[in-house]
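Q: I have a two-chain model open and want to talk it through. Can we start with the overall build and then go into details?
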Amino acid sequence: MNPSQNPGLRESATFDRSVIHEIQRAAETGIYNIRGWGAKRALPHFDDLVLLGASMSRYPLEGYRERCATDVVLGTRFAKIPIHLKIPITIAGMSFGALSAHAKEALGRGATTVGTSTTTGDGGMTQEERGHSELLVYQYLPSRYGMNPDDLRKADAIEIVLGQGAKPGGGGMLLGSKISDRVAAMRTLPMGIDQRSACRHPDWTGPDDLAIKIEELREITDWEKPIYVKFGAARPYYDTALAVKAGADVIVVDGMQGGTGASQEVFLEHVGIPTLPALRQAVEALQELGMHRKVQLIVSGGIRSGADVAKALAMGADAVSIGTAALIALGCNSPKLEAEYEKIGSSAGFYTDYQKGNDPAGITTQDKALESRLDPILGGERLANYLRVLTLEAQTIARACGKSHVLNLDREDLAALTIEAAAMAKVPLAGTSWVPGASGPL
Amino acid sequence: MKTATEERVVDLSTGSVRELNHALHQLRHTDGAAHWHVREPRGAHSVACGLTVPVHVEVDGPTGYYCAGMNQVATVILHGNTGTGVAENMMSGFVHVKGNASQSAGATGQGGLLVIDGNAGARCGISMKGIDIVVKGSVGHMSAFMAQAGNLVVCGDAGEALGDSIYEARIFVRGKVADLGSDCIEKEMRDEHRSLLADLLARANVDYSPGEFRRYGSARKLYNFKTEHSGHY
């Protein structure tokens, strides 16, 4: 019987069908659920904020003609060669291993077309992404898989990764089904193992050590490269302050909505805090230290549209980073592949089994036949189009708020639609001057 | 910096590590086997890190963190104790500590030979990926944690949780092992291992016989996630 046709059937809010399915799956298999993507639960997000366009007291700019700049410079604090981006949207770190070589190439092509950076991931740098990425950020991860000083020198910036928003405190995971010969060789690991990346760095602990580690990386690269410090959002106020003290050029805060190639579901849904409060706390830390805009701030985790970009910048970010959205732009979860998704027991819009390596779109796989479905040139064009749309949308909003540069957007341009968002973002509830939890002047 | 006819002498009481490293990074392979002498390091961090040519560097005195880090082909001799992460992520070459080394010695190293005449602290050889490490003294706890490849030779004793979560690296210990970490077991010492160990001991200029050592490595039981492993994680 279809439950919707019988009002007498009432589903439990506590034990709904998803919960029942998970309990029974756990009972059958005896192991926690592992999947890709990020948190699926509803969380306070940028949708709970609105931008206040110009009116009597504000002067808007003409929507398509008057200049509204979008460039941003990252790494101005200590690096001899900062990164100049044409748009304030970057591509987040995603590993070769989690992604196919074609996907990495497509990300590089798309980012380069619009003048922004892409980022390596666990497992090191591939020729495909270096070759097709004009600006490439090299992740320096706890596992140090594939870590090579020559690649460090080839990079345009270095991102020291402490964690990611999908699983702050947890290490990476790549299941045996995706450990191809090439992936295994790059990571110096046996074929077919369920690979765990270390959750903490092997040669430093704590912010005082981090300062020395940053100094070492600067010495090895002759102080040329901007050094980012990325962490998953858990205690972003303190983490930001400590990263600044340790000497970071750029802070990257990844909120709970951030994606991953594989993680325990319990981690994805229950560890960390959403992007909205994480961003606000990171900005507060920078402002209190007098380092806002001097140490640049990148925020990631659930960025989907130009509106999200504009809101993040208005809250104080210098740039945003996208991962899941970039994969969707390449074709992940496309309805065009519905028949293929059905074959593996999924459906377009629901596929998050990145850990299995059976991605019909050829993105999160190491299977050569599946990978061949993704044309890296076409994928790059699709990503470039998407990035252009995000930029145009953010510009449109910025102009409507009277800004000649997207970075001129300000918290004063925001209002909150929910009490939760107002409290987390410290933005007044729309139609009021009330900021829940604010004890003094904003 | 003073320049000698046959070797360059750098005094870090008057010069900076940044100047030293920058000068070393300007060397080219065609410059030949240049000989550098660093004096008065006074515990400075990142001394002689990121070298890419077959230069010979000797450092007189104690050094801080990450000395000879990410070394490639160079020879670095440290006459003194050294701090955290000596020769971390070394790719090739030779680093010789003629004193004691702090924690994470040779961490994530991918190649080359690290010899420590004294003791090494905790996490010696952590996440090693192909480096050979010979410690003439003892090593601290969690040594060879998540070690992936390469050889760790300990002529003295090993601390707690040796080889925890080890992959395919080999550990040879002459003395006592406090205890073994998850998935690390004692393994049979076959001729191939005795031969390998003899070569490592010879390269490190150690007189012990391979027969005095025991071998440890991965049981390979935790390579794939299984429900019965929950007690081991």
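**Chain size and build**

A: Chain B first: this is a predicted model, and for 233 residues a compact globule would have a radius of gyration near 17 Å, which agrees with the 18 Å of chain B.

Q: What does the C-alpha trace of chain B span along its principal axes?
A: The trace of chain B spans about 60 × 35 × 30 Å.

Q: How many helices and strands does chain B have?
A: Chain B has 2 helices and 12 strands. Along the sequence the pattern reads β-β-α-β-β-β-β-β-β-β-β-β-α-β.

Q: And how much of chain B is buried?
A: Buried residues make up 53% of its 233 residues. As for contacts in chain B between residues at least 6 apart in sequence, 24% join residues at least 24 apart.

Q: OK, chain A. What is the radius of gyration there, and why does it agree with a compact globule?
A: Chain A has 22 Å, and a compact globule with 442 residues would have a radius of gyration near 22 Å, so the two agree. Taken along the principal axes, the C-alpha atoms of chain A fill a box of roughly 70 × 60 × 45 Å.

Q: How many helices and strands in chain A?
A: There are 15 helices and 16 strands in chain A. Of its 442 residues, 56% count as buried. Among contacts in chain A between residues at least 6 apart in sequence, 68% join residues at least 24 apart.

Q: Now a helix pair in chain A. At what angle do H10 and H14 cross?
A: The axes of H10(A), residues 306-314, and H14(A), residues 376-400, cross at roughly 55° and come within 7 Å. H10(A) and H14(A) are therefore oblique to each other. Their crossing is right-handed.

Q: Which residues meet there?
A: From H10(A), A:Gly306, A:Ala307, A:Val309 and A:Ala310. They meet residues of H14(A) including A:Val389, A:Leu390, A:Leu392, A:Ala394 and A:Ile397. The residues of this contact divide into 9 nonpolar, 2 polar and 1 charged.

Q: Is H10(A) mostly covered or mostly open?
A: Mostly covered: 8 of its 9 residues are buried. Among them are A:Asp308 and A:Lys311, along with A:Val309 and A:Ala310 from the contact with H14(A).

Q: What follows H10(A)?
A: A:Gly316 follows H10(A), and its phi is positive, near 125°.

Q: Last one, back in chain B: where is B:Arg42?
A: B:Arg42 is found in the loop between strand E3 (35-39) and strand E4 (56-60) of chain B.

Q: Buried or exposed?
A: B:Arg42 is exposed, because 11 other C-beta atoms lie within 10 Å and the cut-off for exposed is 12 or fewer.

Q: Which residues is B:Arg42 in contact with, its neighbours within four places in sequence aside?
A: B:Leu12, B:Ser13 and B:Gly61. As for B:Pro62, 20 residues apart from B:Arg42 along the chain, the C-alpha atoms of the two are separated by 5.9 Å.

Note on methods. Residues are numbered from 1 along each chain as its sequence is written. Chains are lettered from A and ligands numbered from 1 in the order in which they are written. This is a predicted model: local features need pLDDT of at least 70, side-chain atom pairs count only at pLDDT 80 or more; totals for chains, interfaces and linings use all residues. Helices (H or I, at least four residues) and strands (E, at least two) are DSSP runs, numbered from the N terminus. The radius of gyration is taken over C-alpha atoms; the globule rule is 2.2 Å times the number of residues to the power 0.38. A residue is buried if 20 or more other C-beta atoms lie within 10 Å of its own, exposed if 12 or fewer, and partly exposed in between; C-beta atoms are placed from the backbone. Two residues are in contact if their C-beta atoms, placed from the backbone, lie within 7 Å. Axes are lines fitted to C-alpha atoms, for helices over the stretch in contact, and angles run from 0 to 180 degrees between N-to-C directions. Angles under 35 degrees count as roughly parallel, over 145 as roughly antiparallel, 65 to 115 as roughly perpendicular and the rest as oblique. A crossing is left-handed if the near helix is turned anticlockwise from the far one by less than a right angle, and right-handed if clockwise. Ala, Val, Leu, Ile, Met, Phe, Trp, Tyr, Cys and Pro count as nonpolar, Asp, Glu, Lys and Arg as charged, and the others, Gly among them, as polar.
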